Amino acid sequence: MDLLNTLVDKGLRRELPTREEALAVLATSDDDLLDVVAAAGKVRRHWFGRRVKLNYLVNLKSGLCPEDCSYCSQRLGSKAEILKYTWLKPDEASQAAAAGVAGGAKRVCLVASGRGPTDRDVDRVAQTIAAVKEQNEGVEVCACLGLLSDGQAERLRGAGADAYNHNLNTSEATYADITKTHTYADRVDTVQKAHAAGLSACSGLIAGMGEKDEDLVDVVFSLRELDADSVPVNFLIPFEGTPLAKEWNLTPQRCLRILAMARFVCPDIEVRIAGGREVHLRSLQPLALNIANSIFLGDYLTSEGQAGKDDLAMISDAGFEVEGTDQVTLPQHRVDAAAAARGCGSHGDSGCGSHEGGGCGPCGSGETAAEAVDAPVADSNEARTDLVAVRRRGAGTDLAPNA
């Protein structure tokens, strides 16, 4: 297929595809799906080999968020029966992080629900970062705390944070359809603040909220323009008790095409399969590793993920290897360019991914729908609420985490 040959050539040269080419990837047929995956795989292997970066989420503060992000189980007015608790103590967060590191995670993502941190919250997270790094040698830390005020990114960087996550989630044109309490521009501003402070910028999207192909292409092009080091691709988990509970719009094939489009637009950037992979990719998760070079290990913020041991087995069985702490995630030219632009040493490889709003959550914050959803579905997809379970273990509980 001429389109795929062109996209591979452009990806190897780090050349931006046209919008028409990106849209054409999303419009390919299921008959061409394996060809699309193979083409994206050539670009992925050129820049990242067969390494898979593992990331681990620690939900520092769960639920009770004042923001109204429609997709989020922690949102204002959410009736989702998720865990709700206030700030974990630094040693509690460090112990939770240690479970992920022991399972092979290279990066720990510290997440807290809310519009954004107060200065006192930043102090609290700084203490947590110190505790995590003291007990887990070589680990990278990404913070995800919501909208940042002036000077807060610098303080997090000074405390030892390597990255900051804040997702754009969808296109600027449709952002007001999913959130009213803050704007798309607010999110862009926070990503820019993190970047300017020398933090590795992590920002991604959520697919499956009823958006058009044009919206998906717009947000991925915007993420490349922001020069994010990491782009988490989340797939909406329609939580019972949230406004998007009936939005079951994704198939495994559709998810693979979205990931491939993101890879072609962001060839040398960490593309992470984030929230919803177990729900929507299902048995095609191993195939997606040929496109993305990063995943989360174990559970998410408010929902349970695939067992950590199964994640590791999937990676091995698919012929990939877990990226070690002694390996650099990003290609050297990106590391060098970032260091030169910021006048500092090499910053963190890439950030965490996020499925929720405010500070809430990366990637796969885990939304939940405990009962079947009686609603029409697109692309012949079925509402698989049986695949979603509320997280009842790990951070904020007395039970061992899944890692």
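Select L54 first: this residue is buried, with a relative accessible area of 0%. Buried here means under 20% relative accessible area, exposed means over 50%, and partly exposed is in between (1.4 Å probe, protein chains only). L54 sits in strand 1, residues 51-61. Helices (H or I, at least four residues) and strands (E, at least two) are DSSP runs, numbered from the N terminus.

The model you are looking at is predicted, so local features need pLDDT of at least 70 and side-chain atom pairs count only at pLDDT 80 or more, while totals for chains, interfaces and linings use all residues. Residues are numbered from 1 along each chain as its sequence is written, and side-chain values use heavy atoms, with hydrogens and water left out.

**Around L54**

Keep L54 selected and show what touches it. Leaving aside neighbours within four places in sequence, L54 is in contact with G103, G104, A105, K106, R107, I295, L297, L312, I315 and V322. Contact means heavy atoms within 4.5 Å.

**The whole chain**

Zoom out. The chain has 14 helices and 10 strands. Of its 403 residues, 62% are buried. Among contacts in the chain with a separation of 6 or more, 79% are between residues 24 or more positions apart.

**T329**

Next, select T329, in the loop between strand 10 (321-322) and helix 14 (332-342). Is T329 buried or exposed? T329 is buried, at a relative accessible area of 0%. Show the side chains of K53 and K106 as well. The side chain of T329 makes a polar contact of 3.5 Å with that of K53 and another, of 3.4 Å, with that of K106. A polar contact is a pair of N or O atoms within 3.5 Å; within protein, one must be able to donate a hydrogen and the other to accept it, and residues adjacent in sequence count only if both atoms are side-chain atoms.

Move to the loop between strand 4 (163-165) and helix 7 (175-178), where N167 is placed. N167 is buried, with a relative accessible area of 1%. A polar atom of the N167 side chain lies 2.7 Å from the backbone nitrogen of G204.

N169 is in the loop between strand 4 and helix 7, and N169 counts as buried at 1% relative accessibility. Check the backbone angle phi. Most residues other than glycine have a negative phi. In N169, phi is positive, near 75°.

**R282**

Select R282, in the loop between helix 11 (277-281) and helix 12 (285-288). R282 is not a glycine, yet its phi is positive, at about 50°. At 23% relative accessibility, R282 is partly exposed.

Two packed helices are described by the angle between their axes and the distance between the axes. Axes are lines fitted to C-alpha atoms, for helices over the stretch in contact, and angles run from 0 to 180 degrees between N-to-C directions.

Select helix 3 (residues 33-48) and helix 10 (residues 252-265): their axes come within 9 Å and cross at roughly 40°. The two helices are therefore oblique to each other. Angles under 35 degrees count as roughly parallel, over 145 as roughly antiparallel, 65 to 115 as roughly perpendicular and the rest as oblique. In helix 3, L33, V36, V37, A39, A40, V43, R44 and F48 meet Q253, L256, R257, A260, R263 and F264 in helix 10. By class, this contact of helix 3 with helix 10 has 10 nonpolar, one polar and three charged residues. Ala, Val, Leu, Ile, Met, Phe, Trp, Tyr, Cys and Pro count as nonpolar, Asp, Glu, Lys and Arg as charged, and the others, Gly among them, as polar.

Helix 2 packs on helix 10 at about 155°, with the axes 8 Å apart. That angle makes helix 2 roughly antiparallel to helix 10. A22, V25 and L26 of helix 2 meet residues of helix 10, including R254, I258 and M261. The contact of helix 2 with helix 10 has eight nonpolar, no polar and two charged residues.

Last, select helix 9 (residues 213-225), whose axis comes within 10 Å of that of helix 10 and crosses at roughly 35°. From helix 9, D213, L216, V217, V220, F221 and R224 make the contact, with R254, I258, M261, A262 and V265 from helix 10.
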